[in-house]
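Me: I have a new structure open and would like to learn how to read it. Can we go through it feature by feature?

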Amino acid sequence: MKKFLCLLLAAVLAGLLILPCAAAEPTDFTDRSTIRNYNAVRMLADLGLVAGYSDGSFGPDKLIRREEVAKLMALLADADAESWALPFIAYCAQNEIVAGSNGRFRPADHVTLRELAKMLLVLLGEDSVRYVGAGWAQNVDQDAFEKGIYAGLTAGYEEDATRDNACLLIY
């Protein structure tokens with residue numbers, strides 16, 4: 001897992017070195033001017049992790065749902081899936097990246113920035129047990145801040161994650 005993440009990071013960094021020399025930009029989002037974290041969004045789009053809508057927009061301020069984040073986490077971890085959300089949710093649940101409440105995943109609920117940070121921390125190898133119980137939020141915030149996951153974030157950690165901010169945290 002860590003080896004894969006290191007290889008992904010190396011590939012991304014190598015790709016970033018090439019970008020300033022490229023003559024033409026890939027097809028861009030029609031709402032590019034409203035994307036605050038454009039470099040993060042563009043990188044994740046170029047890697048095939050996120051996509052825009054059929055009208056060519058990205059929808060940076062649309063809230064991201066738990067099922068969408070589960071897909072991102074599974075793709076980041078190179079999970080094999082055959083259909084939309086179920087295999088991604090199953091992968092994330094089996095690897096303790098996501099947890100439900102009262103035995104329910106609630107796939108259509110929005111995910112907060114803190115919840116996304118927790119998922120990323122577990123994906124990076126942190127012990128998921130640290131993010132359960134009464135002190136979970138404080139532990140997530142402390143670890144996410146120390147690891148730079150919250151770097152550049154201007155929204156509150158308890159706010160629902162927009163697509164734009166989700167890309168920033170993953171970036």
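Me: How many salt bridges does a search of the whole structure find?
Reply: First, a caution: this is a predicted model. The search of the whole structure finds ten salt bridges.

Me: Which parts of the chain does the pair of Arg42 and Asp28 tie together?
Reply: Arg42 belongs to helix H2, residues 38–46. Asp28 sits in the loop between helix H1 (2–18) and H2. The two parts tied together are therefore 14 residues apart in sequence.

Me: Is Arg42 buried or exposed?
Reply: Compare relative accessible area with the cut-off: buried means under 20%. Arg42 has 10% relative accessibility, so Arg42 counts as buried.

Me: What does Asp46 form with Arg42?
Reply: Asp46 forms a salt bridge with Arg42, and the closest N and O atoms are 3.0 Å apart. Both residues lie in helix H2. They are four residues apart, about one turn of the helix. Asp46 is partly exposed, with a relative accessible area of 41%.

Me: Now a whole helix. How many residues of H5 are buried?
Reply: In H5, eleven of eleven are buried, so H5 is mostly covered by the under 20% cut-off. Charged side chains are on the list too: Arg114, Glu115 and Lys118 are among the buried residues of H5. After H5 comes Gly125, whose phi is positive, near 105°.

Me: Which residues touch the most other members of the largest nonpolar core?
Reply: Think of a core as buried nonpolar residues joined through side-chain atoms. The largest one here has 49 residues. Met73, Cys92, Ile97, Leu120 and Leu169 touch the most other members. Elements giving two or more residues to this core are H2, helix H3 (66–76), helix H4 (86–94), H5, H6 and H7. H5 supplies the largest share, eight residues.

Me: What is Leu120 in contact with, leaving aside its neighbours within four places in sequence?
Reply: Leu120 is in contact with Met73, Leu76, Ile149, Leu169 and Ile170.

Me: And what does Val122 touch, not counting residues up to four places away in sequence?
Reply: Val122 is in helix H5 as well. It is buried, with a relative accessible area of 10%. Val122 touches Asn95, Glu96, Ile97, Ser128 and Tyr131.

Me: What covers the buried residues of H7?
Reply: Count first, then look around. Eight of the eight residues of H7 are buried. They include Asp164, Cys167 and Leu169. Among the elements that cover them are H2, H3 and H5.

Me: Which side chain of opposite charge is nearest to Arg163?
Reply: Find Arg163 in helix H7. The nearest side chain of opposite charge is Glu68, 4.6 Å away. Arg163 is buried yet has no salt bridge. Its side chain does reach the backbone oxygen of Ala51, at 2.6 Å. Not counting residues up to four places away in sequence, Arg163 touches Ala51, Gly52, Tyr53, Phe58, Gly59, Pro60 and Lys62.

Note on methods. Residues numbered from 1 in each chain as written. Predicted model: local features only at pLDDT ≥ 70, side-chain atom pairs only at ≥ 80, totals over all residues. Heavy atoms only, no water. Salt bridge = Lys/Arg side-chain N within 4 Å of Asp/Glu carboxyl O. Buried < 20%, exposed > 50% of the residue type's maximum accessible area, 1.4 Å probe, protein only. Core = buried A, V, L, I, M, F, W, Y, C linked by side-chain atoms within 4.5 Å. Contact = heavy atoms within 4.5 Å. Polar contact = N/O pair within 3.5 Å; in protein donor to acceptor, adjacent residues only side chain to side chain.
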